[in-house]
Amino acid sequence: MKDYDSATDLPPIALGPLAPAALGVLIYSFTLPATAAGLEGLDPYLVGVGRSAAASLLAIAALLAVRARPPRRGQWAGFAVVGAGVVFGFPVLTTLALDHGASAAHSAVVVGLLPAATAVFAVLRAGERPSGAFWLASGAGAVCVTGFALVRGAGRVTPADLLLVAALLAVAAGYAEGGRLAHSMPGWQVISWALVLTAPISVPVTLWLMAATDPQWTVRTGLGFGYLAVFSAYLGFFAWYAGMARVGIARAGQVQLVQPVLTLLWSGILLGELIDATTALAAVAVLACVALTQRARVRRAGPAAPLRDLAD
């Protein structure tokens, strides 16, 4: 029986199997503060698209170094979903949300709904079947972050919130499809090929934006953009997709409930944003939900059929 044909019951918080996913979350937790730093001197579209263009150069070098085989024709549609979600959708939409006035801390909490969205796509695309306890804990986490966002927004939903919701839906689809592809190739190759296949769009657009928007480079802006290109857009996925392949998309995705807490911490340290008692209470609630999701059962019934039948 193959690994994905069995029901998965991990021991309480099996840290070893979760380590790659946890490392990915740690890397991603700096993404919104780094984006805010990049926006201090760069056009939001340049930040959102340019990070992927720069990362594609690293991806090309890595794939050439190991002489990686290109994706099969039947996998191209899956890579299109990954590209649309994680290469363009999430970076551009979150950058626009920050440019529309959302703080990094506020954005982090709204994006905290991402684990629940990822679990839904894991059911639709990867054949996973989380238990009722899993959905209950995941839903509780979603309620916590939604309530926190509404408290911070004085009970209203802003245009920036709508951009963030669109961003999390886009990246959840990209995560789930990338996690499914990681069953048939190393996770680092999944993100590498996604970046390479989208480079004919990202690189020319970035060069045009560099010429048209008069970017103002400072040390802070350069460090923020550099982090996005090297870590958020590329190296973070090495660990993230490896974690999804190891423990399943839905279970690995729930580790991201910790990400808003970490991002709030970095936002306070790096950007001087306020971390108060309400934030601390939300952090405790989110961590409790993470613990419950990791104890819940997730049946991995095998990868769902690809978006189109394999031709070879």
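What follows is a short exchange on a helix crossing and the salt bridges of this predicted model.

Trainee: How many salt bridges are there in the model?
Mentor: Remember that this is a predicted model, and side-chain atom pairs count only at pLDDT 80 or more. The pair needs a side-chain nitrogen of Lys or Arg within 4 Å of a carboxyl oxygen of Asp or Glu. By this rule the count is two.

Trainee: Which residue forms a salt bridge with R220?
Mentor: R220 lies in helix α10, and its partner is in the loop between α2 and α3, so the pair ties together parts 180 residues apart in sequence. The closest N and O atoms are 2.7 Å apart. The partner is E40.

Trainee: Is E40 buried, partly exposed or exposed?
Mentor: Its relative accessible area is 48%. Buried needs under 20%, and exposed needs over 50%. Therefore E40 is partly exposed.

Trainee: Which residues does E40 contact, leaving aside its neighbours within four places in sequence?
Mentor: E40 sits in the loop between α2 (31–38) and α3 (44–66). Its C-alpha atom is 9.5 Å from that of G224, 184 residues apart along the chain. The contacts of E40 are R220 and T221.

Trainee: Where do E177 and R180 lie?
Mentor: Their side chains meet in a salt bridge, 2.5 Å from N to O. The two residues are three apart, about one turn of the helix. Both lie in helix α8.

Trainee: Are E177 and R180 buried or exposed?
Mentor: Buried means under 20% relative accessible area. E177 has 1%, and R180 has 9%. So E177 is buried, and R180 is buried.

Trainee: What is the angle class of α8 and α10: parallel, perpendicular or oblique?
Mentor: The axes of α8 (residues 159–181) and α10 (residues 219–247) come within 8 Å and cross at roughly 70°. The range from 65 to 115 degrees counts as roughly perpendicular. Therefore α8 is, relative to α10, roughly perpendicular.

Trainee: How many charged residues does the contact of α8 with α10 have?
Mentor: On the α8 side are G174, Y175, G178 and G179, which meet F237, W240, Y241 and M244 in α10. By class, five are nonpolar and three polar.

Terms used
Residues numbered from 1 in each chain as written. Heavy atoms only, no water. Axes fitted to C-alpha atoms, helices over the stretch in contact; angles between N-to-C directions. Helix = DSSP H or I, 4+ residues; strand = E, 2+ residues; numbered from the N terminus. Parallel < 35°, antiparallel > 145°, perpendicular 65-115°, else oblique. Contact = heavy atoms within 4.5 Å. Nonpolar A, V, L, I, M, F, W, Y, C, P; charged D, E, K, R; others polar. Buried < 20%, exposed > 50% of the residue type's maximum accessible area, 1.4 Å probe, protein only.
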